[in-house]
Amino acid sequence: MLENINCQGCGVQIQTSKPKELGYTPSSALTKETVLCQRCFRLKHYNEIQAVSVTDDDFLETVSEIRDTNSLVVHIIDIFDVSGSLVKSLPRITGNNPILLVGNKMDLLPKSTNKRKLMQWLRSSAKDAGINVSDVHLISSVKGHGIDELKEAIETHRDKQDVYVVGTTNVGKSTLINRLIKDSSGLSDVITTSYFPGTTLGFIEIPLDDETALIDTPGIVNKQQIAHYISEQDLKVITPHKEIKPRIYQINSKQTLFFGGLGRLDFVKGDKQSFVCYFSNQLSIHRTKLENADKLYEEHMGELLSPPSQETLEQLPELTESTFRINNEKVDIVFPGLGWVSVDGNVTVTAHSPKGVAVSKRIALI
Ligand SMILES: Nc1nc2c(ncn2[C@@H]2O[C@H](COP(=O)(O)OP(=O)(O)OP(=O)(O)O)[C@@H](O)[C@H]2O)c(=O)[nH]1
Ligand SMILES: [Mg+2]
């Protein structure tokens, strides 16, 4: 009898017999109009995170069912972590269905961000990853920017088919769908969302009309996301909660900036200039001489240079470096999931980031 009940918050199948396992809810709760599993209930009411036993492969298998459908795919990415949130194998997962690429969390970027350049960069990043996109949109699911335009684009591109919202964990898929539900029905926070990855566990269908639906999906796990290497507490510090304020450092060559202890930028060569840093306002930036940087890192990682917290240290891959030579152009050195530093002119810099979370260069967005 329970077979067909799924949690309205995360999509997991509901069961009433094993309190320690996924999808549990006491049978007394089944009479309620909306059925939530215990995990969603706790998240919603106590903001308490409960670990789940679903593996990355389970998620991937679920999402790969999209291959066999005729639908529109809305691929949400986090504009603060493009390389960590772009799903490189997307066409293998979603088949030949058309893809709309949507950059979410626009509210976090300074208002002066050049949207045209940002869209170009998203388009070319997708192309480099082998993803052919029909259209690119920029939105904020939390603040509502760009949502009306996106709704129109979805209506145009879906051709009366279902719409699957897909993406890496934590990019804001469920938040977007909640906003769409709120706009159409007035109901708030129908689906469970949280600041920690892995919240949605199954497909959640929201009817669009009598025949078709908008479908929330579990996040695809991408090991390039820094979120997988750090603690819940650290994630709170590096995740911006509001518009990031640029922090400007006048830097001479042979100086180094640390971004907590999760990123580091050495000014190797060039004339004195400003490094403009775009990171979560809570993340501390520490300046030192290049010659002292290694020692400082060894001795103060996890204390002065934090996050990482002591707890994270054990699981954090070692930092690896990549060097960028910049010839008379204004570029951003991008630390995925953390932020970026804009530099200008003729400079050589070396960036350090946890192994597997590769730093890259792009045309400056601001
Ligand atoms: N600043 C900002 N935060 C957002 C936005 N959209 C989502 N978030 C936050 O991002 C976090 C993850 O949101 P979810 O909607 O749960 O993400 P998801 O993609 O459904 O994640 P999974 O279900 O784990 O795959 C939450 O803390 C949201 O509040 C946005 O537009 N701006
Ligand atoms: Mg979700």
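Entry 1: I looked up the residues around ligand 1 and found 22, of which Asp107, Lys173, Thr175, Gly198 and Thr199 come nearest. I note that the model is a predicted one. Helix α7, residues 173-185, gives the most to the shell, with three residues.

**Entry 2: polar contacts and cover.** I examined the oxygen atoms of ligand 1. For the side chain of lysine 173, I found an N or O atom 2.8 Å from a ligand oxygen. At serine 141, a backbone N or O atom lies 2.9 Å from an oxygen of the ligand. I also recorded a distance of 3.2 Å between a polar backbone atom of valine 142 and a ligand oxygen. On its own, ligand 1 has 660 Å² of accessible area, and the protein covers 89% of this.

**Entry 3: the largest pocket.** I asked which pocket ligand 1 takes up, and found that its space is the largest pocket. I noted a volume of about 850 Å³ for the largest pocket. Its lining comprises 39 residues, with Lys105, Asn170, Ser194, Tyr195 and Thr239 closest to the centre. The elements that give two or more residues to this lining are α7 and α8 (232-238). By class, I recorded twelve nonpolar, 20 polar and seven charged lining residues.

**Entry 4: the second largest pocket.** I turned to the second largest pocket, which holds about 440 Å³ of space. It is lined by 22 residues, and Val52, Phe196, Pro197, Gly198 and His228 are the closest to its centre. Helices α1 (38-46) and α2 (56-64) each give two or more residues to the lining. I classed this lining as twelve nonpolar, seven polar and three charged residues.

Key
Residues numbered from 1 in each chain as written. Chains lettered and ligands numbered in written order. Predicted model: local features only at pLDDT ≥ 70, side-chain atom pairs only at ≥ 80, totals over all residues. Heavy atoms only, no water. Near = heavy atom within 4 Å. Polar contact = N/O pair within 3.5 Å; in protein donor to acceptor, adjacent residues only side chain to side chain. Areas by Shrake-Rupley, 256 points an atom, 1.4 Å probe, with all protein chains shown as cover. 1 Å grid on protein atoms, 1.4 Å probe; cavity = no way out; pocket = protein on both sides within 12 Å on 5 of 7 lines; lining within 4 Å. Sits in = over half its atoms within 2 Å of the grid points. Helix = DSSP H or I, 4+ residues; strand = E, 2+ residues; numbered from the N terminus. Points joined across faces, edges and corners; volume = space filled by probe spheres on them. Nonpolar A, V, L, I, M, F, W, Y, C, P; charged D, E, K, R; others polar.
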